[in-house]
Amino acid sequence: MTAFDANWSLMTPEIVLAALALLVFTIDFMTGIHGKKPFIGRLSVLSLLVTAVLVVVTNSTSGSIAEVFVVDPFAMVFKLIILIGVAMVILISMNFLDRERNAEVYQGEYYSIMLFAALGAMIMVSSADLITLFIGLEILSISSYVLAGFKKYSRPSTEAAIKYVVLGGTASAFILYGMSFLYGLTGSTSLLEIGQAIPMLFEEYTFVVMMSFLFMLAGFGFKISIVPFHMWAPDVYEGAPTPVTAFLSVVSKLAGFGIILRVFFLGFGGVYQEWAFIIAVIAAITMIAGNFIALTQTNVKRLMAYSGIAQAGYLLVPVATVVGDVGINMIVFYSVAYLMMTLGAFAVITLVTEDTGTSDLSSFAGLYQRAPYLAIAMTVFLVSLAGLPLTAGFIGKAYIFFGAVAGEMLWLAIIMIVTSVISFFYYFGFIKQMFMTDPRPNDKELAVPGSMQTVVTVSLAVTVILGILPGLVLDIFNTFNWMAFF
Amino acid sequence: MTGQMIFFIIFALIAITGAVLIIALKRISHRVVSMAFSFMAVAALYFLLGAEFIGIIQIMVYVGAITILFVFGMMMTDHRNFSFGPDPRKWQQALSFVGVATLLGLMLYGISTLDMHESTQPFVGSVEAIGLELYGHYFIAFLGSAFLLTSALIGAIVIARKEAD
């Protein structure tokens, strides 16, 4: 019987973020129940940035705590994506919560739950053990359920939260059931041990291993909203408060991709050939269904939900075509691009829909005359989402496309191009509203508050710079040995 | 057929029947009772497997605490039926039945192909072993669940809180 020996300094960012989240929560209940609390918002952003700096400083050397909690370049980059994503979502939220219409939201709890969600996502992308991974996933999921229902006197928000919690709970049950087969076959929850045992187990129990894989794929697929597990996304995205929609479509989705890569490459990597085709088919269906249904949408938030589904399809393509570090390069690069362009777009959407009070596409009418900077920034984000040159989205998509061609999945690459072309139609629907329609008679010039200006400018800068000089980050990514933590 | 097998079948039947009745029964008080039966039978299954600690915890937490919590919840809320849309049509019900039945069939087939080796040494899930694992190897998960519960608690209060004005 020996004491558990661990290098706890590897967990520094998580410990600091947990302490700061509790501090934020404590300050909140010392300053009254209701009322506007912009200082707590600022403090939350500060906590996230401090944690991000700590991630860069302490996570640059790899290591692991008992092979349960691992620190490697993969975990580091995904943690940075999560932290910056949540910080930008909070900046968007600060403006959102400032409005009279949203006075019912308890601000302090909103921010602290956001921080807890970030903590859960960090634990999730950093774990190589099924139990820790699931706990992290549940911290993130339960926080998301609550966030979706934060406007509790609004019927759509409550409906979104109930749908999300019921379906999300089912998805978690699927994940656990799939995991239980793996545990039963290997007697271990460690992804490393599972990864070592899987080729032999696959020989012996092909059906059960595939069943376990499919159960987990269904559960994780729900979290990242890929077809056919996407039904919840439009309803929840539409009903949830707009910054929470941004959170779900960016942070929640990218963290979900983080664990998909971790579990499937580390745990099922030995039998890659057996499941790559399933992922390819799902990616194809997701791209087709997401883009085609998006064509018919007139509600901005529903449209962004289907656009997010389609984007998840693009992100799945490298999982199916390129094994190893190059595949992760592609996914991480597109994740960074997706983070920036989607959050930038959501900042503009929040501002516009909250100003006009409707999330119909017509609320964007004549945005160019009301706020030229926002309209131009939004155009760049949409062009990047559609994947046109000079933007980060184009580089990311081109990289994924060539990966698919090199991986001898030409049909998948062709579907990707065709669906991207289809996506131009609905993204240009936005642009048409902004530039070619006159503003509605009583719409005045749109004032852009400082926090929104920051988010839009940062995302705009990164989207354009990565579009012109992708080497800035790709050169760093190329030196990484993504999942080496021993 | 050994005695263990007979008891397994009895408890398994109770557990499954209870679980089905939770969905099938109309009145919420009946549902709570069938839930208690289902939990109790699952606890008995743990005992059969030699996981005594988990069995006792199951009785204490699920049969005791959670069932009572549901009773309180039942007393303190009013029950109205509400739905977000029209009731599912006949063909939708049939389709989902076929889907679920196929899934069940595939799962049963998969489990029946398993040919696991019988464990030679008798296993007893002792409290000591569980404690050492929980505060050792799985310590991060243990701490993580503390934050999970905190976040869930804050969320529950935020959503359920009645304004005092």
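In this predicted model, 45 residues of chain A are in contact with 34 residues of chain B. About 3400 Å² is buried between chain A and chain B, and carbon and sulfur atoms give 78% of that area. Over all chains, a search of the whole structure finds 10 salt bridges.

**Interface of chain A and chain B**

- The size of an interface is often given as the accessible area lost when the parts come together. Here that area is about 3400 Å².
- Polar contacts between chain A and chain B number 5 residue pairs, with both residues at pLDDT 80 or more.
- Five helices of chain A each supply at least two residues of the side that touches chain B: helix 1 (12-30), helix 4 (107-125), helix 5 (130-148), helix 6 (155-186) and helix 8 (206-223).
- By class, that side of chain A has 32 nonpolar, 6 polar and 7 charged residues.

**Nonpolar cores**

- In soluble globular proteins, nonpolar side chains tend to be buried together.
- The largest nonpolar core holds 201 residues. Phe220(A), Phe247(A), Phe264(A), Phe268(A), Trp275(A) and Phe364(A) touch the most other members.
- Helix 13 (residues 325-356) of chain A gives the largest share of this core, 20 residues.
- Which residues does Phe364(A) contact, leaving aside its neighbours within four places in sequence? They are Val300(A), Val348(A), Ile349(A), Val352(A), Met378(A), Phe430(A), Gln433(A) and Met434(A).
- Another core, of 6 residues, lies apart from the largest one. Its members include Leu10(A), Met11(A) and Val71(A) from chain A, and Ile140(B) from chain B.

**Salt bridges**

- Glu14(A) and Lys79(A) meet through their side chains in a salt bridge, at 2.8 Å from N to O. Glu14(A) is in helix 1 and Lys79(A) in helix 3 (residues 73-97) of chain A, so the pair ties together parts that are 65 residues apart in sequence.
- Both ends of this bridge are buried. Glu14(A) counts as buried because its relative accessibility is 2%. Lys79(A) counts as buried because its relative accessibility is 0%.
- Asp72(A) forms a salt bridge with Arg262(A), with the closest N and O atoms 2.8 Å apart. The two residues are 190 residues apart: Asp72(A) is in the loop between strand 2 and helix 3 of chain A, and Arg262(A) is in helix 10 (residues 242-267) of chain A.
- Asp72(A) is buried at 0% relative accessibility. Arg262(A) is buried at 0% as well.
- Asp235(A) forms a salt bridge with Lys163(A), with the closest N and O atoms 3.1 Å apart. Asp235(A) lies in helix 9 and Lys163(A) in helix 6 of chain A, so the pair ties together parts that are 72 residues apart in sequence.
- Lys163(A) is partly exposed at 23% relative accessibility.
- Asp235(A) and Lys163(A) also belong to a network of salt bridges with Glu159(A), Glu238(A) and Arg302(A).

**Loop between helix 8 and helix 9 of chain A**

- Pro228(A) lies in this loop. The peptide bond from Val227(A) to Pro228(A) is cis, with omega near 5°.
- His230(A) lies in the loop between helix 8 and helix 9 (232-239) of chain A. At 8% relative accessibility, His230(A) falls under the 20% cut-off, so this residue counts as buried.
- Not counting residues up to four places away in sequence, His230(A) touches Ser225(A), Tyr306(A) and Ile309(A).

**Backbone exceptions**

- Most residues other than glycine have a negative phi, and most peptide bonds are trans.
- Glu67(A) is not a glycine, yet has a positive phi of about 55°. Glu67(A) sits in the loop between strand 1 (63-65) and strand 2 (69-71) of chain A. This residue is partly exposed, with a relative accessible area of 35%.
- Leu390(A), not a glycine either, has a positive phi of about 70°. Leu390(A) is in the loop between helix 15 (372-386) and helix 16 (392-406) of chain A.
- Why does Leu390(A) count as exposed? Its relative accessibility is 59%, and the cut-off for exposed is over 50%.

Note on methods. Residues numbered from 1 in each chain as written. Chains lettered and ligands numbered in written order. Heavy atoms only, no water. Contact = heavy atoms within 4.5 Å. Buried area = accessible area lost by both parts, 1.4 Å probe. Polar contact = N/O pair within 3.5 Å; in protein donor to acceptor, adjacent residues only side chain to side chain. Helix = DSSP H or I, 4+ residues; strand = E, 2+ residues; numbered from the N terminus. Nonpolar A, V, L, I, M, F, W, Y, C, P; charged D, E, K, R; others polar. Core = buried A, V, L, I, M, F, W, Y, C linked by side-chain atoms within 4.5 Å. Buried < 20%, exposed > 50% of the residue type's maximum accessible area, 1.4 Å probe, protein only. Salt bridge = Lys/Arg side-chain N within 4 Å of Asp/Glu carboxyl O.
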